[in-house]
Amino acid sequence: MDPQKEARICRDPVERLPASRSQTPKEEDRRESSAARAVATPREEAGIASVDGLWDLPVEPSDRRPECSRCSRPQKVCLCPFLPVHPLHISTHLYIIQHPAEESRVLRTVPLLAACLPQDKCRVKIGRRFSEERDPELSTVCRKSSTLILYPGDEAASLEEFILDSPIYPSTIIIIDGTWSQAKDIFYKNSLFRLPKQVQLKSSISSQYVIRMQPTNRCLSTLECAAVALSILEKNNCIQETLLRPLQALCSFQLQHGARIRLSKEHLLKSGLYPKSMPKNKRKLRKMELLMNSVKI
């Protein structure tokens, strides 16, 4: 045999010895941990399988609290005792243009307003955009000379003064329901709402809707605006008192059950209690400065 081949045959067993010698403690630990993982894996898989089985179980639908058919409040906190026994007798037609986001709010005031008035005198239309094609009825109403829209601004006349000088007594008033930014968007992006005569309230009353923050102390909720406007148009102060009664009851109940009085943004800014930092956006910052200086925006 070739001496070199014989030498390689003799060396080979020696070179493979490390693979067959006893393992070090670290290697044994690694091997035991690997074996433990191999044993745990079927158990884990069984656990995952059991969890996955939960998805196949039937889901019971969550029951919503039953609501009152008149005031739209949960029956346990129904406000019907504070509503008039019979809808108020009025001659004015009221149209509420409601932003879709308001429809889902829990503490909204429009259902209370509608519950106080005859169905044929109070219409609620929900949406952001309105046109003659989408809503012929609203288009016809906006084109009538006896229709007013309640929205503050430089071009808006005082409602109290307007009805004294107008040759045609108003028969319809439109009010936009939403936050101030939502109402502004609806008013300026729907040409229909610039057809009626624009009016505003000069009333000095402060909002009683104290569980929701308002931009200024002079801002009123939709229900409060309707109450003041209808009392002026109908020449009956009792209308305002009747419409405000369920709102007062709503706020009183919420305050008794954990809600807190929400001061206006204007008040918080002037008193240095506003919790948020001033905005960096120049337009928003300008609005904040106007509120602090009590300038009408």
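1. Start with Leu263. Leu263 sits in the loop between α10 (237-256) and α11 (265-271). Helices here are DSSP runs of H or I, at least four residues long, and strands are runs of E, at least two long, numbered from the N terminus. Leu263 is partly exposed, at 38% relative accessibility. On this scale, buried means under 20% relative accessible area, exposed means over 50%, and partly exposed lies in between (1.4 Å probe, protein chains only).

2. A word on the model. This is a predicted model, in which local features need pLDDT of at least 70 and side-chain atom pairs count only at pLDDT 80 or more, while totals for chains, interfaces and linings use all residues. Residues are numbered from 1 along each chain as its sequence is written, and side-chain values use heavy atoms, without hydrogens and water.

3. Now the main core. The largest nonpolar core has 43 residues. Such a core is a set of buried Ala, Val, Leu, Ile, Met, Phe, Trp, Tyr and Cys residues joined through side-chain atoms within 4.5 Å. Elements giving two or more residues to this core include β1 (93-98), α5 (110-116) and β5 (172-177). Helix α9 gives the largest share, nine residues.

4. Look at Leu94. Leu94 is among the residues with the most contacts inside the largest core. The residues that Leu94 touches include Leu113, Leu117, Ile173 and Leu230, not counting residues up to four places away in sequence. Contact means heavy atoms within 4.5 Å. A second, separate core has 15 residues, including Tyr95, Ile97, Leu138 and Phe187.

5. Thr222 is next. Thr222 lies in helix α9 (residues 222-233). Is Thr222 buried or exposed? Thr222 is buried, because its relative accessible area is 8%. Leaving out residues up to four places away in sequence, Thr222 touches Ile96, Thr109, Val110, Ile175, Ile176 and Asp177.

6. Check the cysteines. A disulfide is a covalent bond between the sulfur atoms of two cysteines. The rule used here is a pair of cysteine sulfur atoms within 2.5 Å. The count comes to zero disulfides by this rule. Cys71 is in no disulfide, and the nearest cysteine sulfur, that of Cys68, is 3.8 Å away. Cys71 is buried, at 1% relative accessibility.
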